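I am keeping these notebook entries to record what I looked up, one topic at a time. The questions I set myself are about how the parts of this structure touch one another.

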Amino acid sequence: MAKATKTKRASVTVRGPHKMPVHLFVNRQDYELHVEPRRTLLDALRKDLGLTGAKKVCDEGTCGACTVIVDGKPVYSCLTLAIECEEKSIETIEALAQDGKLHALQQAFIEEDAYQCGFCTPGQIMSLKALLDENPNPTLDDVKRAVSGNLCRCGAYPKIFRAGLRAAEILRSKKGA
Amino acid sequence: MARVVKTKTEFEGNFFEQYIVIEGDELTPWAADEKLEKVGKCTPRVDGSERVTGDAKYTYDIQLAGMLYGRILRSPYPHARIKSLDTRAAEKLHGVRAVLTHKNIPQIPLRMGQHFLLEPTLRYAGDEVAFIVADDEEIAEDALELIEVDYQELPFVIDPEEASQPSSPQIHLNGNVLNGKPEEYERGDAEKALREADVTIEARFTTQVALHNSLETHGSVCAWEGDSLTVWDSTQHIYGVRAGVAQALGLPLNKVRVIKKYMGGGFGSKNGAGKYTLLAALAAKKVGRPVHMMLTRKEENLAAGNRNNTIQYLRLGAKRDGTLTAIYLRSYAGLGAYSLWGTSPGGPARQLYACPNVKTIQYSVFTNTGPMAAFRAPGYVEGTFSFEQAIDMLAQKLHMDPLELRLKNYIDTNPMSGMPYSTKGLREAYERGAKLIGWRERKSKKITQGTQRRGFGMASQIWGGSGGPPAYALCKLNNDGSATIITGTQDIGTGTKTVLAQIAAEELGFPIERVSVELGDTQDGVYSPLSAGSMTLPSVGPAVRVAAHDAKEQLLSIAAQVLEKPKDQIKLKDGLLHVQGLEKPVELKEVLAMKLQNFMIIGKGARGPNPEKYSVNTFGAQFADVTVDTETGEVLINKIVAVHESGRVINPLTIGSQIEGGVIQGLGFALTEERVLDRHTGLVLNPNLEEYKVPTALDVPEIEHEMIDRADPYANNLGAKGVGEPPIIPTAAAIANAISDAIGVHVTDGPITPDKILKALNKTQIGGNHA
Amino acid sequence: MRNFEHITPPDLESAVDLLSERGTKSIAGGTDLLPEMKSRLRSPRRLVNLKALEELRYLKHNARKGFQIGALTTLAEIESNELIREKIPILAQAASVAASPQLRNMGTIGGNLCQSVRCWYYRAPEFKCWLKGGDTCYAIEGENKFHAILESSPCCAVHPSDLAPALMALGASVHITGTDEEGTVSLEEFFVRPKASNRQMTILGANELITEVQVPMLDGDSSGIYLKAMDRKVWAFALVSVAVQVSWDKERVKGARIVLGGVAPIPWRVPAAEEIVRDQAITEEIATSASEAALEGAQPLRDNGYKIALAKALVKRALMTLAERAKK
């Protein structure tokens with residue numbers, strides 16, 4: 001391998017290990033938290049902001065119940081450090097209903113009975129929200145793939161698929177109207 | 001006037017006779033052709049919006065001022081004794097508020113003294129050693145690393161059949177076999193009948209340990225106010241948790257309040273107080289602050305229960321015409337380290353068919369592994385996997401269609417008790433299912449070319465699901481014409497709240513929007529049984545109906561007096577009083593609020609006894625259509641058909657969810673789910689959702705389901721039976737039979753993974769040095 | 001996880017510089033590192049956050065150099081990139097069957113190539129296995145259904161990456177930047193069997209980073225396929241996978257690269273099989289003998305003998321599928 005020319009190191013800021021201020025932009029609101037670097041986005045949302053919609057199930061990126069949308073993409077908030085989310089836009093299930101009116105996905109989940117215990121539901125909905133934001137005309141296969149990173153132990157999948165398609169329909173008809 | 005009556009109840013395949021207290025008069029069951037407006041209609045969940053907005057508060061979500069977090073140190077050995085334990089460094093860590101060990105807490109016996117809350121003897125890898133509470137979970141975890149324990153390792157045993165031998169390491173003083181001997185059942189003479197049978201088959205089956213993996217882990221949040229304890233618990237049985245906590249801590253029942261509003265899955269594993277509950281309560285008392293103690297995913301999979309593994313030796317005998325003459329089953333089930341009961345893998349063998357000679361010998365055996373817990377139809381899922389495969393083996397040997405063989409041995413009376421079934425819709429389920437899957441045309445759809453093989457299989461289901469007393473309900477009519485149903489049951493995700501609202505609305509003649517249902521709180525509620533054993537609806541539903549009826553009768557009496565009309569000329573419909581002779585219906589608030597101000601009507605209801613002369617059971621049949629890749633061993637399920645009979649359908653929308661969910665869990669059990677233990681160390685290798693593979697969205701095939709919707713005239717005043725467990729029971733067996741139909745070999749060890757299929761097809765090279 | 005210090009360096013140079021300090025780890029997608037930290041398998045004192053290094057987030061293509069993919073490019077970006085789907089679909093295929101949609105939004109190509117093995121003994125903190133500095137591979141005598149059938153000593157974990165076999169079949173290289181050195185190595189050089197002095201599956205030093213993945217221009221008429229067998233339909237690591245990239249002269253194979261995943265501690269290229277198909281029109285017979293050659297020397301452990309049959313089936317199927325397509 002070739003030698004790289006070494007330049008002087010730029011100055012860097014070390015943060016932590018103790019609690020320090022972290023700025024988050026969640027559901028169109030600014031927050032300042034005081035947390036350690038090891039605070040995950042999931043714990044920050046749940047414990048520091050009281051947004052308990054995203055669930056802790058495995059805490060290691062193997063279930064999808066903690067799914068939130070960061071800069072438009074669904075991600076696992078348990079494998080995301082809060083400190084690395086500054087200057088990002090974070091969207092959680094709590095922001096979906098607007099002015100007391102349910103989002104089409106929420107409405108469709110109720111109508112189709114697309115849940116049983118409901119613990120995975122916020123994650124499922126956020127995955128589908130990201131899909132519908134990007135693709136207003138999803139096929140059944142698109143819907144299935146969109147929630148393929150969200151486990152449902154009760155087995156509500158068939159109805160989740162139906163709810164995803166139905167929500168897309170509701171949104172399209174709203175746009176058309 | 002309260003009455004004491006004797007009744008028979010069934011739970012998880014076991015029958016109990018008990019005295020129960022009931023109150024109020026029993027109602028005549030709704031007739032099969034009764035015109036019902038709310039019951040039987042697709043009704044979205046009354047708490048749907050909480051579930052989709054993140055507003056629903058689960059135990060995990062409870063946050064209280066000053067709340068601390070708990071973490072448990074667990075044994076790294078399957079069998080060991082704590083020689084010494086040093087917690088000083090952990091206690092000194094900044095943010096640690098208490099460390100509990102067997103040295104500083106009272107000796108609290110659990111499971112009738114089988115073990116203690118914390119004790120120096122550890123009987124499985126995962127057994128509780130110490131408990132830490134700290135300001136946050138990470139700090140508690142830091143502290144766990146600082147506890148020093150010197151363990152003396154003891155010999156251990158993990159295989160139930162091996163553990164049943166007296167020479168095995170002993171886990172409890174009374175030996176490893178539960179109750180000292182196997183549970184035996186016999187009718188006729190099975191051994192003789194086997195000798196005399198025209199045709200016999202014999203096979204050994206094994207089923208794996210399956211993990212519930214409820215998405216919400218087990219756990220509790222405990223807070224004291226003076227000498228009163230409030231416990232938020234992720235449980236299927238708030239009154240069970242209350243009793244367990246009160247007994248363990250020596251508290252009167254009225255000083256323990258248990259709350260569970262929403263729960264993230266339980267599937268049978270959350271039927272009582274856990275060690276986590278008691279530890280959190282003790283620690284909360286000690287430090288004077290609330291304690292949040294939810295298990296981690298790993299702990300959930302080590303210590304929170306499992307579907308036990310089984311080894312089953314099965315022999316069947318039949319006449320040449322297919323008449324079953326003998327069934328003989330010897331089974332071993334691994335209980336893990338602690339249990340007071342064992343499951344009945346022999347249940348299906350004893351009950352499914354008319355067979356005069358049946359013997360089942362069931363060993364439930366302690367092993368040095370995580371304790372078992374009920375898991376959706378415990379015993380019957382395992383027993384059906386083997387028994388219904390054996391029936392197919394017999395059909396093959398007899399050159400009979402598997403469905404014809406089943407019909408040949410159909411029986412309308414319970415072969416164990418001789419009593420008729422209250423309803424049995426299995427024949428219709430077979431017929432409908434066969435039609436939906438294309439059973440009779442299946443041979444034309446088989447693929448025999450290339451590497452793909454398509455096959456069809458079926459299996460039958462029997463289970464209890466009668467529910468029973470005691471269960472109580474109250475119905476409060478508020479003076480604005482709204483109603484509140486109060487029970488002490490729990491909605492574990494099945495839609496209990498919604499069906500209870502339907503029943504109350506039906507009986508009251510109210511719109512469903514005017515009925516709310518309160519449950520999940522021991523202090524505000526009235527006793528209801530655990531939500532397990534497919535018993536919630538058939539236990540609590542009838543009590544709700546009685547309570548609503550009582551309230552309605554009171555309301556009509558009051559209305560009669562206020563309106564000065566005979567009571568029998570007043571009817572309640574759509575929440576309005578329709579009075580004979582009056583043109584316009586009368587609003588309820590006109591009667592209640594305007595005339596009587598703050599009057600409240602309180603209706604009371606109790607679940608009546610079960611019928612004495614009928615056997616109340618649930619039935620179903622499932623059919624599977626699969627394609628097996630004979631080169632890769634991969635199984636593609638093309639379709640599952642599920643047809644079940646659970647009496648009257650109260651809510652077709654939510655019952656469909658139950659059926660689909662059961663099938664999906666069943667296919668996970670059939671194909672992918674298995675707890676893996678390291679044979680040399682006894683440690684669980686996959687206590688996580690990565691290597692313990694539950695079905696994903698893409699594992700789900702088309703599932704077509706139907707209910708044989710038939711009001712049961714004897715079961716209870718609704719005519720409804722339970723449905724939570726039935727749909728998981730036959731799935732794995734149906735899939736196994738379909739795979740066998742596809743590849744021509746039965747895979748008798750679950751789960752049926754690609755490696756087992758390739759092995760069955762003789763495509764696997766056996767490892768040399770390491771066998 | 002234990003607490004740590006966190007640094008977001010302004011540029012690549014500072015990043016590698018910071019990595020030279022003991023107890024420092026880099027974090028990008030975090031999907032591999034954070035679970036290891038949570039189970040306390042690793043407890044770095046300091047994390048260097050690479051995510052802000054925009055200079056590593058790009059995807060370039062030109063006719064001379066082929067693809068140059070910045071290390072921070074996510075799996076989702078690879079999966080959905082039109083040029084990749086058109087020119088090297090095998091890579092898009094491999095990315096699309098890796099992990100889950102969320103993990104693909106988070107995980108990077110650099111991290112994917114550097115990920116740790118999934119062996120359950122390695123992942124369990126209770127076992128101090130050879131790979132973690134101990135002296136025993138517990139899997140060799142233990143539960144080894146998912147383990148290696150080739151090169152299974154001293155560690156029989158298998159390489160879990162889906163992208164690695166596909167990239168190796170494409171003849172890809174990685175550019176590595178360290179404090180003192182930088183340079184480009186082929187993936188065959190990058191992945192190494194673990195040995196006592198280097199208990200990991202790559203040559204990457206603690207203070208080095210993959211900064212770019214390079215996929216050379218493919219020879220004229222070329223096609224590839226990635227097949228993955230799993231024990232559930234999605235979101236599982238491969239039981240066995242195979243990546244095959246073939247360059248064609250009409251229906252004859254000019255050259256082929258065949259790489260297996262899930263069979264050895266590193267992505268396993270099988271030159272003997274490649275040799276068999278070279279200059280041949282692929283028939284069932286040729287595909288079968290190539291598949292036999294691919295598994296030459298495979299030694300099953302107690303529970304993983306099925307992998308030999310499975311791997312052979314996939315190799316054969318991949319070749320046959322490509323041959324079918326070449327005819328069209």
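This is a predicted model: local features need pLDDT of at least 70, side-chain atom pairs count only at pLDDT 80 or more; totals for chains, interfaces and linings use all residues.

**Entry 1**

Residues are numbered from 1 along each chain as its sequence is written, chains are lettered from A and ligands numbered from 1 in the order in which they are written, and side-chain values use heavy atoms, with hydrogens and water left out.

For domain 1 and domain 2 of chain B it is about 2100 Å², with 52% of it on carbon and sulfur atoms.

How many salt bridges are there between domain 1 of chain B and domain 2 of chain B? The count is zero, where a salt bridge is a side-chain nitrogen of Lys or Arg within 4 Å of a carboxyl oxygen of Asp or Glu. I did find 10 residue pairs in polar contact between these two domains of chain B, both residues being at pLDDT 80 or more. A polar contact is a pair of N or O atoms within 3.5 Å; within protein, one must be able to donate a hydrogen and the other to accept it, and residues adjacent in sequence count only if both atoms are side-chain atoms.

Helices (H or I, at least four residues) and strands (E, at least two) are DSSP runs, numbered from the N terminus.

**Entry 1: chain B against chain C**

I then turned to chain B and chain C, where 42 residues from chain B and 39 residues from chain C take part in the contact. The area buried between chain B and chain C is about 3600 Å², and carbon and sulfur atoms give 53% of it.

The rule finds 13 salt bridges across this interface of chain B and chain C. I looked up B:Glu145 and C:Arg40, whose side chains form a salt bridge at 2.4 Å, N to O.

**Entry 2: chain A**

For chain A I listed five helices and seven strands, which follow one another from the N terminus as β-β-β-β-α-β-β-β-α-α-α-α. The C-alpha trace of chain A spans about 60 × 45 × 35 Å along its principal axes.

The domain assignment of chain A gives domain 1 (20-95) and domain 2 (104-176), and their centres, taken over C-alpha atoms, are separated by 21 Å. A:Glu134 and A:Lys73 form a salt bridge, with the closest N and O atoms 3.6 Å apart.

**Entry 3: chain A against chain B**

Last, I looked up the contact of chain A with chain B, which takes 45 residues from chain A and 55 residues from chain B. Together chain A and chain B bury about 4100 Å², 56% of it on carbon and sulfur atoms.

Nine salt bridges are found across the interface of chain A and chain B, and A:Arg46 meets B:Asp61 in a salt bridge at 2.8 Å, N to O. I also noted 27 residue pairs in polar contact across the interface of chain A and chain B, both residues being at pLDDT 80 or more.

Note on methods. Buried area is the accessible area (1.4 Å probe) that two parts lose on being put together, summed over both. Contact means heavy atoms within 4.5 Å. Domain bounds come from an automatic or database domain assignment.
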